[in-house]
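The following report describes selected features of a two-chain model. The structure is shown first, and the description follows it.

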Amino acid sequence: MEPLLNVKNLEKSFGGVKALDGISLAIQENSVTAVIGPNGSGKTTLLNCINGIYVPEKGSITYRGKPLVGRKPHEIAALGIGRTFQVARVFKKISVIDNVLAPVLRSRKSPARLREQAVQLLKRVGMGDLAQHGGGDLSGGQQKLIELLRAWIAESDLILLDEPFAGVHPALKARFYGEIREMRRMGKTFVLISHDMKSVYALSDKIVVFDLGRIIAQGKEQEIKSDKRVIDAYLG
Amino acid sequence: MHELLLMAVISGILMGIIYGLIGIGMNILYGVMRIVNFAHGEFMMLGAYMAFTLNRLWGLNSLESIFVVLPLFFILGLLLHALFYERIQQSDDPEIASFLTFFGISLVITSVILLIWKADPRGVPFPFSRVSWIIGPVFLPLGRLISAGVCALAIGIISVFLYRTYTGKAVRAIIENRDAVSILGIDVRRVSALVFGIGLSIVAITGCLVTLSFPAITPVQGQTYTTIAFLVIVLGGLGTPLGALLGGLVYGLAESVSSVFMPVALSPVVAFVILILMVMVRPQGLLGKVSTRI
């Protein structure tokens, strides 16, 4: 089956440091692929190349067969790729509901229907009463949930999650799990970067391990746990 | 004395609203594009001289001229955006690059004005320019009252645009975090072009209204208005569009009220002392939240 996202021989350097050194990765539709690795191993750089923040020097990225390299971030978002960030990028001076609606500003759908959908989504995650508050009033975990809701309302098919559980209250984390599973039932595909191994094992179908810009292992939980290169990379 | 003070306060508020609109134009451009429009005042004077010409050619008064000058300035904004935006954004320091670019543009505009309209002071007659409303002890020059009213209306429209429309919300989102907006599927370049057009349209309005508020315009007045715009947005908060209105009111009141107690020539000094105090006590301005980048 043709993968939803296909990354081939991707290379990206910063100065003399190779952040990505020939990364090849195939993401199947309706899957959760976790990308793990020590700090500085190139995980976030990969996401930044996928959604157009960085332009790789070599290699290709295709999404549903369409090349992504060279496209601008807003064009890639319009193709159906959503993103959350390690430090949530919520607009602090804009209301929570408008934050959720931000990716559908140019949608052809009825604004009233979109607003109603945003209200329902906020209620769903227990934030209905915060709709009119400013984005800056939310906790870090709530801001990360808002980013996930943005991907939901934008109907993104591929969602890139960068450390969604870092610094998040356990109750909110459980809510996150629930929403990711529900979105997966809807057919969505996720690439998950996380240092939280419990979450990685609980949510992902496949784990890819990065070290120094290269993939050193990939497979299911048991394969990764017993891989000597993974143990070396983490424990030195 | 009390009557004089009351008049100074009212006059300060009227001028403050006009200064506020001057600042809003500059603040939106800075907030969205980090472009320091050092030619703001010169663009205003260009608008004022165009109003003068429209009066000579077709007999249009200052208010009627707005309907001709505004669309021309909107198109001028789009052209300037197409010419300079990418180049400025790609430079190592877009703020310094924009400052130098627009300083150059300000020199060009002043030279063009001198070339076409010469250095003589010019004025646009207005049917009610010599009429004043007298309410008790207070004299209200009708021209200035109308200017402030039009500015208040423009500020109201800009506020509705920024806070009620989706494009306006995108503008505010870009002011807060342009990278995040791009990843959400919003074309920052397209919104920036629109904002450049709107920014120059605001300049067009203020340029035409200058001819209504003051009896004479000269080619070198531009720098004064650029300085006022800077002062107003630093007082109100860099990158916070409506902060400029507050900054304008503070500046207008300081300028006007101080003239009751000291020579008129010294009144700008008071405004600058307030500016220095503001920078020391609250560097982010009255409505700004951070002191450096937003």
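Strands are DSSP runs of E with at least two residues, numbered from the N terminus, and helices are runs of H or I with at least four. The model discussed here is predicted. In chain A, L212(A) lies in the loop that joins β9 (206–211) to β10 (214–219). L212(A) is not a glycine, yet its phi is positive, near 50°. L212(A) counts as partly exposed because 16 other C-beta atoms lie within 10 Å, between the limits of 12 or fewer for exposed and 20 or more for buried.

A second residue of this kind is E163(A), placed in the loop between β7 (158–162) and α6 (170–185) of chain A. The phi of E163(A) is near 45°, again a positive value in a residue other than glycine. With 19 other C-beta atoms within 10 Å, E163(A) is partly exposed. As background, most residues other than glycine have a negative phi.

## A buried alanine in chain A

Is A233(A) buried or exposed? A233(A) counts as buried, since it has 20 C-beta neighbours inside 10 Å. The residue belongs to helix α9 (residues 228–235) of chain A.

Leaving aside residues up to four places away in sequence, A233(A) touches G37(A), P38(A), V209(A), D211(A) and I216(A).

## The contact between the chains

Chain A contributes 17 residues to the contact and chain B contributes 14 residues. On the side of chain A that touches chain B, helix α2 (residues 73–79) of chain A gives the most, with four residues. By class, this side of chain A holds nine nonpolar, two polar and six charged residues.

Helix α6 (residues 166–176) of chain B also packs against an element of chain A. Nine of the eleven residues of α6(B) are buried, so the helix is largely enclosed by the rest of the structure. The buried set consists of G168(B), K169(B), A170(B), V171(B), R172(B), A173(B), I174(B), I175(B) and E176(B). These buried residues pack against α3 (96–101) of chain A, and also against α1, α5, α7 (178–183) and α8 of chain B.

## Helix packing around α8 of chain B

Two packed helices are described by the angle between their axes and the distance between the axes. Helix α1 (residues 2–33) of chain B packs with helix α8 (residues 188–213) of chain B at an angle of about 165°, and the axes are 9 Å apart. The pair is therefore roughly antiparallel, and the crossing of α1(B) and α8(B) is left-handed. The α1(B) side of the contact includes I18(B), L21(B), I22(B) and G25(B), and the α8(B) side includes V195(B), F196(B), G199(B) and I202(B). The contact of α1(B) with α8(B) has 15 nonpolar, five polar and no charged residues.

Helix α5 (residues 142–164) of chain B also packs with α8(B): the axes come within 9 Å and cross at roughly 165°. α5(B) is accordingly roughly antiparallel to α8(B), with a left-handed crossing. From α5(B), the residues G143(B), R144(B), I146(B), S147(B), V150(B), C151(B) and A154(B) meet I202(B), I205(B), L209(B), L212(B) and S213(B) of α8(B). This contact divides into eight nonpolar, three polar and one charged residues.

Helix α10 (residues 243–261) of chain B packs with α1(B) at about 145°, with the axes 6 Å apart. The crossing of α1(B) and α10(B) is right-handed. Their contact comprises 16 nonpolar, eleven polar and one charged residues. The end C-alpha atoms of α10(B) are 28 Å apart, which agrees with the 27 Å that 19 residues should span at 1.5 Å a residue. Of these 19 residues, 15 are buried, so α10(B) is largely enclosed by the rest of the structure.

Helix α2 (residues 40–58) of chain B has 19 residues and reaches 27 Å from its first C-alpha to its last, close to the 27 Å expected at 1.5 Å a residue. α2(B) is mostly covered, with 14 of its 19 residues buried. Just after α2(B), G59(B) adopts a positive phi of about 75°.

Conventions: Residues numbered from 1 in each chain as written. Chains lettered and ligands numbered in written order. Predicted model: local features only at pLDDT ≥ 70, side-chain atom pairs only at ≥ 80, totals over all residues. Contact = placed C-beta atoms within 7 Å. Nonpolar A, V, L, I, M, F, W, Y, C, P; charged D, E, K, R; others polar. Expected span 1.5 Å × (residues − 1). Axes fitted to C-alpha atoms, helices over the stretch in contact; angles between N-to-C directions. Parallel < 35°, antiparallel > 145°, perpendicular 65-115°, else oblique. Left-handed = near helix turned anticlockwise from the far one by under 90°.
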